[in-house]
Amino acid sequence: MADPSGFLKHPRQDAPKRPVPDRLGDWREVYRDQDPAERDQQVRAQATRCMDCGIPFCHSGTAGCPLGNLIPEWNDLVRQGDWELASDRLHATNNFPEFTGRLCPAPCEAACVLAISPDSAGAVAIKRVENTIADVSWERGYVEARVSTVSSGKSVAVVGSGPGGLAAAQQLTRAGHEVTVYERDDRLGGLLRYGIPEFKMEKRILDRRLAQLRAEGTKFVTGCEVGVDLSVEDLRARHDAVVLAVGALRGRDAPDIPGRGLRGVHLAMDHLVPANKQIEGDGPTPIDARGKHVVIIGGGDTGADCYGTATRQGAASVVQLDQYPRPPDVRDDERSPWPVWPWILRTYPAHEEAGERRFAVAVEKFVGSDGILTSVQLREVEVRRVDGVRQVVPVSDDVHVLPADLVLLAIGFDGVEKMPLLDGLGLTLTPRGTLSCGADWQTTAPGVFVCGDAHRGASLVVWAIAEGRSVAHAVDAFLTGASDLPAPVHPTALPLAVR
């Protein structure tokens, strides 16, 4: 059994990072390569901090992990040094733990019982343990292709190769269906490939998992936009069911800010995608931050990705703006009581490297000369809700001017992009810009299912995988009449929150 006093013996210890100058000099992941023996010893100590709570909120679908990862089980197996069985228990609920171990913000840790009080020295380092199990699994050959021994005789199309689409494809292939994934980009992975910077997840991590899917029998077609390069009619004729995992890539803009049309103001993805393509060897990016004063509007994950990308490109300065006030360093129990996702200051590795962040400010105007951006004007603001409507209200007459050669709008996403595929299927978007479905994940088009960001809106990688696994269960049942595949979340599932 777990050690109930392990958290008293071992302080929390996160993975060591490489020195900042080294990180800024390349695109490799920010964490230091450790000697395997040293790493394993440290991570076993971190796993020992887990006391195997009577009610493990860490893998609660509403407060912790929507995948239902068996966290106390694999923590105890790591504590005992049984990495192979730990890998088995981790992969039982998560197709891609090396993705979540690197990219998920870890709601499981926020819901850990040790996160209730600062006196416990912090939550169990679940994310580090998960990532290490995944890496050890590959190092020791525990990850193998699982080829189905039966064939259903049914064919499924998955449109989109992000984490949701890949999870659905792998589950359905393993269930004995013939699965083809259609991707409009030239390479597979969706946002994992072109949205996530290399310093957060090196693409070799993605490529080795794609090799496993291929070995299991999943087929891939790249450079194919369904509805353009392949007609919707042909798609439906070739396959018995279709899964839409097309993401929610319609970037939110700010057309009402004066000067938005100046050269130098771009959406975040217009910066991140070509930067990632340059690292893939596709030639120089047209939006390079080298030598420029960069202003990033938006305080979330995408903004931090732009932040780290700009510093590595050699920006002269980087400033990230957030309309909201600076969050507290520790959980405010009145605003976000345990085990809900806490409102606290989140400092990404990129923020430790260079630049600065400013809070409770908003851009009033983009300023330029001869059509080219030269600066931004800021005002201090307060975000209020008036009759349920969000308003950003200036609270000072003072105007602050920042030099700016490049502005990146990282203010969220408005949902699924308009595409011929949807028109061909007769599907319309909800007011939130997403695709709706019934309790069986099926859209209003018979035999067409939806999962991931296309259904939920822009969300976490762990939710995408959970929805991909769940839609696979629904498709399997649709094709065969019943399914033994797991379905960790319902289409209406939401994370626990306080309003």
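Start by selecting Arg 184: at 38% relative accessibility, Arg 184 counts as partly exposed. (Buried means under 20% relative accessible area, exposed means over 50%, and partly exposed is in between, using a 1.4 Å probe and protein chains only.) Before you go on, know that this is a predicted model, where local features need pLDDT of at least 70, side-chain atom pairs count only at pLDDT 80 or more, and totals for chains, interfaces and linings use all residues. Residues are numbered from 1 along each chain as its sequence is written, and side-chain values use heavy atoms, with hydrogens and water left out.

**Stop 1**

Arg 184 sits in the loop between strand 2 (178-182) and helix 10 (191-194), and Glu 417 in the loop between strand 13 (406-409) and helix 15 (420-425), so the pair ties together parts that are 233 residues apart in sequence. To count as a salt bridge, a side-chain nitrogen of Lys or Arg must be within 4 Å of a carboxyl oxygen of Asp or Glu. By this rule the count comes to 36 salt bridges.

Helices and strands here are DSSP runs numbered from the N terminus: helices are H or I with at least four residues, strands are E with at least two.

Next, pick Asp 207 and Arg 193, whose closest N and O atoms are 2.6 Å apart in another salt bridge. This pair links distant parts of the chain, with Asp 207 in helix 11 (residues 203-216) and Arg 193 in helix 10, 14 residues apart. Is Arg 193 buried or exposed? Arg 193 is buried, with a relative accessible area of 4%, while Asp 207 is partly exposed at 35%. Select Asp 186, Arg 187, Glu 280 and Asp 282 as well, and you have a network of salt bridges that also includes Arg 193 and Asp 207.

**Stop 2**

Show the strands as a cartoon and look for five that form an open sheet in the order 5-13-6-7-8, with parallel pairing. Strand 5 (265-267) and strand 8 (356-359) stand at the edges, each with a single partner strand, so one side of each is left without a neighbour in the sheet. From one strand to the next, the twist averages 20°. Two strands pair if DSSP finds at least two bridges between them; strand 6 (residues 293-297) and strand 13 run parallel and are joined by four. Click Val 295 and you'll find its bridge partner, Val 407, in strand 13.

Then bring in helix 14 (residues 301-313), which packs on the sheet, touching strand 6, strand 7 (317-322), strand 8 and strand 13. Its direction makes about 170° with that of strand 7. (Axes are lines fitted to C-alpha atoms, for helices over the stretch in contact, and angles run from 0 to 180 degrees between N-to-C directions.)

**Stop 3: a buried Glu**

Jump to Glu 467, found in helix 17 (residues 461-480). Glu 467 is buried, with a relative accessible area of 0%. What does Glu 467 touch? Leaving out residues up to four places away in sequence, Glu 467 touches Trp 441, Cys 451, Gly 452, His 455, Arg 456 and Val 489. Contact here means heavy atoms within 4.5 Å.

**Last stop: helix 3**

Finish by selecting residues 36-48, which make up helix 3. Its buried residues include Arg 39, Asp 40 and Val 43. Among the elements covering the buried residues are helix 1 (6-9) and helix 8 (126-139).

Methods
The expected span of a helix is 1.5 Å times one less than its number of residues.
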